[in-house]
Amino acid sequence: MANLEDCVHCGLCLSACPTYQVTGLEVESPRGRLVLLSQWREQAAARDSETRGWLDDCLDCRACEAVCPAHIPTGHLVEAWRSQDAPEARPARALIRLLGLFLGSPRGLSWFRRLARMSQTRWGDWLIRRMARWLPPGAPAVKAGLPTLSAAGVSRRDLSGDGTSAEIFFFVGCVMDALYADTNRHAAELLRMAGYRLSIPQDQRCCGAVHRHSGSPEAARHWAKTNILLFEHSEARYVAVDAAGCGAALKEYASLFPPDSPWYARAQRFEDAVRDVVELLAESLPPLAPQSDRAITVHDPCHHVHAQGIAQETRALLHRAGYTLAEMRESTLCCGSAGIYNLTHPEKSQALLQRKLAEIPDGAAFVAAANPGCLLHMQSGLSAQGGTQAVHPIDLAWQAYHDAGLGTPGSVTL
Ligand code: SF4
Ligand code: SF4
C-alpha cells in the first residue's frame, strides 16, 4: 500500500477535497495533510491544537484517494493518526463511547430508536431545549433531519430469514436498523422479489465504521469477528447491505487484522462477498415503464462513489423502476454528514450542506441518497426549505414496484 512519502505533490486531489473547497487552505487539503502527517511523525510540526484541527477536519470521505495517481490512502492515514495521536483528547472519542452503548447490541438499538422517537414529541422538544448547553452544537440539526418514526421497532425484529440455502446474508446495520427500519424492510422485499432467499441473523453486529473512522478500531475488530462467524455459519453467497458507509466498512474487513492473523483470510472471504443492495437489484428486478414524471436527482454518498466505485448502479436501479433522473452538479461532493462530523464539526458540515442543497436541480421532488447519514443530514436542511425530500433509492424503487402492482401498499408517498 502506498504511504505518505509517495505523494508527488501533483495537486490533483485538491479540487476533490471538500475541506479544501470550503476553506481554500493548503493545510485543509489532502496534500497539505500528508505534509502535516509527515511533520507530525518527525516532530517537525508544532503538535498544537491548530495542527491537530487541520488534520482532524478531514471528513474521511476518500475523494482524494479516488483521484490520486499515487494511490495514497489519505483517509486511512488520517484514521491511523486519530487512533495513535492522544485519542483520549478528542471529543469525538467520548461521543463514540456514548454511541457504542446503543450501537453495540440489538437491545441498545431498540433504545436508540425509542429515544429518537421520544425526541420527536413535544416533551422531547422541551427537554432538548433545556439540555442544549450540554449537547453537541450540531444536535438540533440532526434531530431536524430524523425521519418520522412509527411505533414499530427495529427492522431485524420483524424480518425473518428464509431458512436454509439462503443466497444472501442481509446486513441490517445500526442506524438503518433503528431509524430507517422501513428501508430495510423494503430492501428485503425487493431482494425477494428479485428471487433471492435471505438469511437475517438476529445477533449480527455494527460494521464498526464510525468507530474506525474516529480512531477506535478495537470495537470494529470485535464486531467484525461476530459478523464473519455468522456469515460463515449462514453459508450465504453474498452479504447484502443498503448503507454506503456500512458497505465500505464491510468491504475493508481484512484491513482490521494483521496479514498473519488467522482472521485475515476469513475477513477477505467475507469482504469479497459484500454487495450493496443497489448492485444486486440494478440488473435483477423487472424493468418498469416510465410511470412518474416527478424528477429525481441522485446524491452519491462518499462511501458509495469513492470507497466502492458505486454510482451508475443507483441510477440504473431508479431507471429500471421507471423514474426520470435530473443530474445535480457536484453529485459526488460530500454533503458534510461524514459519520458524526455533523456533530463534531458543525460549521464546516453546514457549509458543505448548503453547497450541496444549492445544487439540487429545480423541480426535483426527491434527492436519492443510499446512506443514512447523508439522508439525515440533507433532510435536516431540506425540512427548513420545504419541497424536495431526501429519500433512500431503495424506498423509491420499492414504491414504484408497489404502484405497479407488485407487492403491498407502501409508506413512501410520491
Ligand atoms: S493527488 Fe496524490 S500524489 Fe497528488 S498531491 Fe494529492 S495526495 Fe499527493
Ligand atoms: S478524505 Fe476527504 S476530507 Fe480528507 S483529505 Fe481526503 S478528500 Fe479531503
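This briefing describes a predicted model of a protein chain with its ligands. Local features are described where pLDDT is at least 70, side-chain atom pairs count only at pLDDT 80 or more, and totals for chains, interfaces and linings use all residues, while side-chain values use heavy atoms, with hydrogens and water left out. Residues are numbered from 1 along each chain as its sequence is written, and chains are lettered from A and ligands numbered from 1 in the order in which they are written.

**Confidence**

- The average pLDDT of the chain is 89, and 94% of the residues score at least 70, where pLDDT is the predictor's confidence in each residue, from 0 to 100.
- Over residues 409–414 the pLDDT is below 50, although this stretch has 18 contacts in the model beyond near neighbours in sequence; a contact means heavy atoms within 4.5 Å.

**The two ligands**

- Around ligand 1 lie C7, V8, H9, C10, G11, C13, R31, L34, C68 and P69, where a residue counts as near if one of its heavy atoms lies within 4 Å of the molecule.
- This shell around ligand 1 consists of seven nonpolar, two polar and one charged residue; Ala, Val, Leu, Ile, Met, Phe, Trp, Tyr, Cys and Pro count as nonpolar, Asp, Glu, Lys and Arg as charged, and the others, Gly among them, as polar.
- Ligand 2 is surrounded by C17, P18, P30, R33, C58, L59, D60, C61, R62 and C64, a shell with seven nonpolar, no polar and three charged residues.
- Ligand 1 sits in the largest cavity, and ligand 2 sits in the second largest cavity.
- A cavity is a set of points, on a 1 Å grid over the protein atoms alone, where a 1.4 Å probe fits but cannot get out, and a molecule sits in it if more than half of its atoms lie within 2 Å of its grid points.

**Helix α22**

- Buried means under 20% relative accessible area, exposed means over 50%, and partly exposed lies in between, with a 1.4 Å probe and protein chains only.
- The buried residues of α22, including W398 and Y401, pack against α11 (181–193), α16 (277–281), β5 (296–298), α18 (312–320), β6 (366–368) and β7 (389–391).
- After α22 comes G405, whose phi is positive, near 90°.

**Loops and positive phi**

- Most residues other than glycine have a negative phi.
- S165, which is not a glycine, has a positive phi of about 65°, and S165 lies in the loop between α9 and β1, where it counts as exposed because its relative accessibility is 59%.
- A151 is also placed in the loop between α9 (139–145) and β1 (168–171), and A151 counts as exposed because its relative accessibility is 65%.
- E235 has a positive phi near 60° and is found in the loop between α13 (217–234) and β3 (238–241); E235 is exposed because its relative accessible area is 69%.

**Helix α13 and L229**

- L229 belongs to helix α13, and L229 counts as partly exposed because its relative accessible area is 45%.
- Leaving aside neighbours within four places in sequence, L229 is in contact with W263 and R266.
- L229 and R266 are 37 residues apart along the chain, and their C-alpha atoms are separated by 8.9 Å.

Note on methods
Helix = DSSP H or I, 4+ residues; strand = E, 2+ residues; numbered from the N terminus. 1 Å grid on protein atoms, 1.4 Å probe; cavity = no way out; pocket = protein on both sides within 12 Å on 5 of 7 lines; lining within 4 Å.
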